[in-house]
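Okay, thanks for coming, everyone. I'd like to walk you through a few spots in this one, so let me put it up on the screen.

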Amino acid sequence: MAVNLYDSAYELEKAIRNSAEYTELKKLYDAVNSDESAKRMFESFRNIQLQLQEKQMTGQEITQEEVEQAQKTVALVQQHELISKLMEAEQRMSMVIGELNQVIMKPLEELYGNPNQQQ
């Protein structure tokens with residue numbers, strides 16, 4: 001009997017939403033957004049991140065000034081306890097998603113082989 005992948009995907013979505021990692025991430029995200037100062041600082045950080053990513057993806061050179069501005073912003077947000085905790089929670093959630101991706105891709109890797117493995 002074939003499994004409906006979409007149903008399984010929605011079950012996985014529910015599991016992610018109910019996970020401790022996601023619950024903590026949401027709690028911290030809401031806390032940052034309810035603190036006006038933290039929210040502005042975090043939005044500024046995100047905007048700089050997105051601008052640099054966009055430049056990288058389009059092959060544009062990132063200036064030394066932009067690098068320095070990004071470093072200053074990172075240092076500033078890391079000093080803010082609430083934002084720092086949010087960033088740690090984001091990192092944990094990213095690791096979970098990465099691990100889930102490895103599990104999801106396992107059948108294809110077994111079928112085609114993993115190009116990262118040496119024969």
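Let's start with S84, which sits in helix 5, the stretch from residues 81–112. Quick reminder before I go on: this is a predicted model. So, is S84 buried or exposed? Its relative accessibility is 18%, and since the cut-off for buried is under 20%, S84 counts as buried. What does S84 touch, if we leave aside its neighbours within four places in sequence? The answer is V77 and Q78.

Now, which residues of helix 4 are buried? They're A70, T73 and V77. Those three cover an arc of only 65° around the axis, which puts them on the same side of helix 4. If you're wondering about the spacing, an α-helix has 3.6 residues a turn, so residues three or four places apart point the same way. And what do the buried residues of helix 4 pack against? Helix 3, which is 36–57, and helix 5. Turn to the face pointing away from that buried side, and you find the exposed residues Q64, E65, Q71, K72 and Q79.

Okay, over to helix 2, residues 20–34, where we find L25. L25 has 16% relative accessibility, so L25 counts as buried too. Have a look at L25 together with L82: they're 57 residues apart in sequence, but C-alpha to C-alpha the distance in space is 11 Å. As for contacts, again skipping neighbours within four places in sequence, L25 touches L86, A89, E90 and M93.

Last stop: how do helix 2 and helix 3 pack? Their axes are 5 Å apart, and the angle is about 105°. That makes helix 2 roughly perpendicular to helix 3, because anything from 65 to 115 degrees falls in that class. On the helix 2 side of the contact we have Y29, V32, N33 and S34, and they meet E36, A38, K39 and F42 in helix 3.

Note on methods
Residues are numbered from 1 along each chain as its sequence is written. This is a predicted model: local features need pLDDT of at least 70, side-chain atom pairs count only at pLDDT 80 or more; totals for chains, interfaces and linings use all residues. Side-chain values use heavy atoms; hydrogens and water are left out. Helices (H or I, at least four residues) and strands (E, at least two) are DSSP runs, numbered from the N terminus. Buried means under 20% relative accessible area, exposed over 50%, partly exposed in between (1.4 Å probe, protein chains only). Contact means heavy atoms within 4.5 Å. The arc is that of the directions from the helix axis to the C-beta atoms. Axes are lines fitted to C-alpha atoms, for helices over the stretch in contact, and angles run from 0 to 180 degrees between N-to-C directions. Angles under 35 degrees count as roughly parallel, over 145 as roughly antiparallel, 65 to 115 as roughly perpendicular and the rest as oblique.
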